[in-house]
Amino acid sequence: MDSSVGLEQTSYSEDPTDLTMRIFPNPSNQKANLEVIAPKAEMGLIRVFDIKGTLRYRQEVVLTPGQQLISIDCSSWPPGIFLFQLIVGDKTWSEELIISR
């Protein structure tokens, strides 16, 4: 039996020229932090969908080389599972976030 309380997912690549991201804390109840490590400057798009597929959040971001932290207020979202997507060029990274109250 797994006794862990939290869930942390990370989209890491073995290719050092590729972008990585993770969401924390997970589960969350007030805000989610999206940590992105980008190999170069690029434009990106963050989208968040609820379990029904409804778009809950959308933000264009300018990614700079290295680590950056993007905080997203999710205090008004209902409890449930949300899919975070980061789209850069023709690639998409996805992670799930659990909102609990």
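Predicted model: local features only at pLDDT ≥ 70, side-chain atom pairs only at ≥ 80, totals over all residues.
The protein has eight strands and zero helices. Of its 101 residues, 37% count as buried.

**Overall fold**
- Along the sequence, the pattern reads β-β-β-β-β-β-β-β.
- Take the contacts between residues at least 6 apart in sequence: 50% of them join residues at least 24 apart.

- Four strands form an open sheet in the order 5-4-7-8, and their pairing is antiparallel.
- Strand 5 (55–63) and strand 8 (91–99) are the edge strands, each pairing on one side only.
- On average, neighbouring strands of this sheet are turned by 20° against each other, direction ignored.
- Strand 4 (residues 42–50) and strand 7 (residues 80–88) run antiparallel and are joined by six bridges.
- Ile46 stands opposite Leu86 of strand 7.

**The nonpolar core**
- In soluble globular proteins, nonpolar side chains tend to be buried together.
- Here the largest nonpolar core has 22 residues.
- Leu19, Val36, Ile46, Trp77, Phe84 and Leu86 have the most contacts inside it.
- At least two core residues come from each of strand 2 (20–24), strand 3 (31–38), strand 4, strand 5, strand 6 (66–73), strand 7 and strand 8.

**Around Val36**
- Leaving out residues up to four places away in sequence, Val36 touches Leu19, Thr20, Met21, Leu63, Gly66, Gln67, Gln68, Ile70 and Leu86.

Technical notes:
Residues numbered from 1 in each chain as written. Heavy atoms only, no water. Pairing = 2+ DSSP bridges. Axes fitted to C-alpha atoms, helices over the stretch in contact; angles between N-to-C directions. Core = buried A, V, L, I, M, F, W, Y, C linked by side-chain atoms within 4.5 Å. Buried < 20%, exposed > 50% of the residue type's maximum accessible area, 1.4 Å probe, protein only. Contact = heavy atoms within 4.5 Å.
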